[in-house]
Amino acid sequence: MRIATLTSGGDCPGLNAVIRGIVRTASAEFGSTVVGYQDGWQGLLEDKRVQLYDDENIDRILLRGGTILGTGRLHPDKFRAGIDRVKANLADAGIDALIPIGGEGTLKGAKWLADNGVPVVGVPKTIDNDVNNTDYTFGFDTAVSVATDAIDRLHTTAESHNRVMIVEVMGRHVGWIALHAGMAGGAHYTVIPEVPFDIAEIAKAMERRFQLGEKYGIIVVAEGATPKEGTMNVSEGEVDQFGHRTFTGMGQQIADEIHQRLGQDVRTTVLGHIQRGGTPTAFDRVLATRYGVRAARACHEGDFGSCVALHGENIEMIRLDDAVDTLKQVPVQRYHTAQAMFG
Ligand code: F6P
C-alpha cells in the first residue's frame with residue numbers, strides 16, 4: 001500500500017511523533033510506503049511531496065516540535081475548487097490512502113474528501129483540545145505545561161512587587177488551556193470564552209485578596225474570552241479571510257480595567273506561540289505515537305472516512321462526521337469546579 005500524509009492548520013507539538021508512528025508502522029508491519037505532502041492542503045494541490053523512509057531520520061523526529069512537512073491554512077473554497085486536481089495528484093502518485101493530521105478545519109476538509117470518494121483516515125491535533133469526541137488531542141498537554149511553568153514563575157515576581165499579573169493564553173473558541181493551566185498554576189481567577197466574564201467580579205476578587213493581606217493576584221485569560229454584554233467596552237478586532245476575528249489583547253484590556261478600578265499595579269504577559277513551540281511532553285509523544293500507529297493500521301484495514309480518537313485508555317476509531325459536528329467546549333460544570341479555587 002502507498003499512504004500519503006500531511007499536516008495542516010496551526011503547528012502543534014507531537015505532529016512529528018504522529019508522522020513517525022505512521023511511517024514505522026506502515027513499513028514494519030505492512031511493508032507499505034509513505035509520502036508526505038508539504039505545507040498542508042496547498043502541497044496536495046500543488047503536488048509538493050517527499051518520500052518518507054523508515055530510517056534513523058524518522059526515528060529522531062520524535063522529540064522535535066513543529067512539523068517536518070510544514071503546514072499552512074487554505075481557505076475551504078480554494079480547497080473545494082481544487083478537488084479534481086487533488087484526485088488527479090493522488091492517482092498519479094499511486095496513493096491508496098491519505099492521512100491528514102489537523103484540527104477541526106482540517107478534519108472538515110478530510111470529511112469532505114471522504115464524501116467525495118477519497119480514502120481518508122483523520123488524526124486530530126490541536127493545542128486547543130477542542131476536537132469533538134476525543135478525550136485529548138496531542139499538543140494540549142505541552143501547551144498546558146508551558147503555560148503552567150509561566151504562571152509558576154509569575155507568582156514570585158507578582159508577590160515581590162504587590163502586583164496583579166494577567167497571563168493571556170491561547171484559546172480562540174474554547175478555554176481548555178486556560179482552565180487547566182489556571183488550575184495547575186493556582187491562578188486566583190480564570191476567564192474562558194465559554195463563560196462571559198464580569199469585570200466587576202474579577203476586580204472584586206482581586207480587591208478581596210489585598211484586603212485579606214495577600215500581596216498579589218494571578219488572572220489567567222483565554223485569548224477568546226469576552227465580557228458579559230454591557231459590562232465592559234472592548235475593542236473589536238478585524239475578521240480575517242478564514243472568518244476569525246483577530247485578537248486585540250483581552251488580557252491587556254482586563255488589566256487596564258483592573259488598574260482603573262483598584263489603582264493597583266497590573267502587568268500582562270501574552271504567552272502566544274511559545275505554547276505551540278518546542279519539544280512535546282512525554283504524554284503528547286505517547287498519544288501522538290499511538291494515533292499514528294492506529295491511523296496506519298486503519299488504512300490497511302480499509303477503515304476510511306474515519307478518525308482516530310482517545311476514549312479513556314483506548315485509541316478508538318470514530319467517524320469523521322462525529323469529530324467535526326461541533327467544537328468540544330469546556331462544560332460549565334468543569335468551570336464551576338475551577339471557580340472553587342478562585343480568590
Ligand atoms: O488553533 C490553534 C491556535 O494556536 C489557537 O489557539 C490560536 O488562536 C491560533 O491557533 C493562532 O493561529 P496563528 O498561528 O495563525 O496565529
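Contact here means that heavy atoms lie within 4.5 Å of each other, and by that criterion 20 residues of domain 1 are in contact with 16 residues of domain 2. The model is a predicted one, and its chain is divided into domain 1, covering 2–139 + 280–324, and domain 2, covering 140–277. Because both domain 1 and domain 2 give residues to the shell around the ligand, the ligand lies between them.

**Domain arrangement**
- Although residues of domain 1 and domain 2 are in contact, the C-alpha centres of the two domains lie 33 Å apart.

**Ligand site**
- The ligand sits in the largest pocket, where the residues that surround it are Arg73, Ile127, Asp128, Met170, Gly171, Arg172, Glu223, Phe247, His273 and Arg276.
- By residue class, the shell around the ligand comprises five charged, three nonpolar and two polar residues.

**Polar contacts and burial**
- For Arg73, a polar side-chain atom is placed 2.5 Å from an oxygen atom of the ligand.
- In the side chain of Glu223, an N or O atom is likewise found 2.5 Å from an oxygen atom of the ligand.
- Arg276 also takes part, with a polar side-chain atom that lies 2.9 Å from an oxygen atom of the ligand.
- The ligand, when taken alone, exposes 400 Å², and the protein buries 76% of that area.

Definitions and conventions
Residues numbered from 1 in each chain as written. Predicted model: local features only at pLDDT ≥ 70, side-chain atom pairs only at ≥ 80, totals over all residues. Heavy atoms only, no water. Near = heavy atom within 4 Å. Polar contact = N/O pair within 3.5 Å; in protein donor to acceptor, adjacent residues only side chain to side chain. Areas by Shrake-Rupley, 256 points an atom, 1.4 Å probe, with all protein chains shown as cover. 1 Å grid on protein atoms, 1.4 Å probe; cavity = no way out; pocket = protein on both sides within 12 Å on 5 of 7 lines; lining within 4 Å. Sits in = over half its atoms within 2 Å of the grid points. Nonpolar A, V, L, I, M, F, W, Y, C, P; charged D, E, K, R; others polar. Domains from an automatic or database assignment.
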